[in-house]
Amino acid sequence: MHIIKSSLILCALAVAASHAWSAAPSATTKPKNRLAAKAAPAVKAPEPEAEDNTPLNEEQMAASTQVHAGDADCEFKNKVSVTPDPDKPGRFRLQFGKLVFNMAPEPTTTGAVRLEDKKAGVVWLQIPTKSMLMNTKVGQRMIDFCMNSAQISEAQSAALAGAQADGSPAPAIAPAIAAPLVGASITPESSIKQ
């Protein structure tokens with residue numbers, strides 16, 4: 001009888017322990033809601049630290065004259081604003097959403113314009129037909145296909161020159177390039193000729 005009683009007590013304890021163990025939330029449990037499962041926390045972009053006050057050299061000052069200041073329309077209806085810093089000649093403030101970066105021009109050998117916030121690990125690359133914002137700490141693009149009015153004109157001219165050179169009709173890329181002017185977005189898919 002004593003063996004049966006102790007066996008029953010052990011079974012009751014085992015059941016209670018397994019119930020308590022399964023009721024405790026675990027970090028690996030899946031959400032019951034599909035929408036909750038899709039809503040992963042967004043990766044935070046680097047936040048700007050204290051401003052860099054080191055003086056710019058002659059090459060950096062020369063590169064600053066090539067920067068397209070103003071608003072640029074980007075992919076997925078995003079916008080980037082590049083404005084000269086009124087207190088620091090040659091330096092720029094770049095705003096993307098709620099993020100603001102303190103950028104300094106860096107000379108390049110390729111002809112591309114490069115603005116960099118070394119403390120935040122962010123680089124703005126500007127070529128004649130588009131610009132992009134890169135996070136150098138993780139090696140990813142934060143935003144791409146950014147174009148201001150000067151870059152839109154350059155891209156249209158290049159597309160038309162290419163069409164005239166081979167005798168083909170107006171290129172399919174021209175409407176996609178003009179899209180930011182009317183408030184639409186540019187995506188990589190919109191510039192593919194179908």
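I began with helix 4 (residues 149-166), which has 18 residues and reaches 26 Å from its first C-alpha to its last, close to the 26 Å expected at 1.5 Å a residue. The expected span is 1.5 Å times one less than the number of residues. Helices (H or I, at least four residues) and strands (E, at least two) are DSSP runs, numbered from the N terminus.

I noted that this is a predicted model, in which local features need pLDDT of at least 70 and side-chain atom pairs count only at pLDDT 80 or more, while totals for chains, interfaces and linings use all residues. Residues are numbered from 1 along each chain as its sequence is written, and side-chain values use heavy atoms, with hydrogens and water left out.

I then looked up burial, where buried means under 20% relative accessible area and exposed over 50% (1.4 Å probe, protein chains only). In helix 4, Q151, I152, A155, A159 and A163 are buried. Seen down the helix axis, these buried residues fall within an arc of 105°, so they line one face of helix 4. The arc is taken from the directions from the helix axis to the C-beta atoms. On the face turned away from the buried side, I found the exposed residues S149, Q164 and A165.

I checked both ends of helix 4. N148 caps the N-terminal end, with a side-chain oxygen 3.2 Å from the backbone nitrogen of A150. G167 follows the helix and has a positive phi, near 75°.

Of its 194 residues, 30% are buried.

Definitions and conventions
A polar contact is a pair of N or O atoms within 3.5 Å; within protein, one must be able to donate a hydrogen and the other to accept it, and residues adjacent in sequence count only if both atoms are side-chain atoms.
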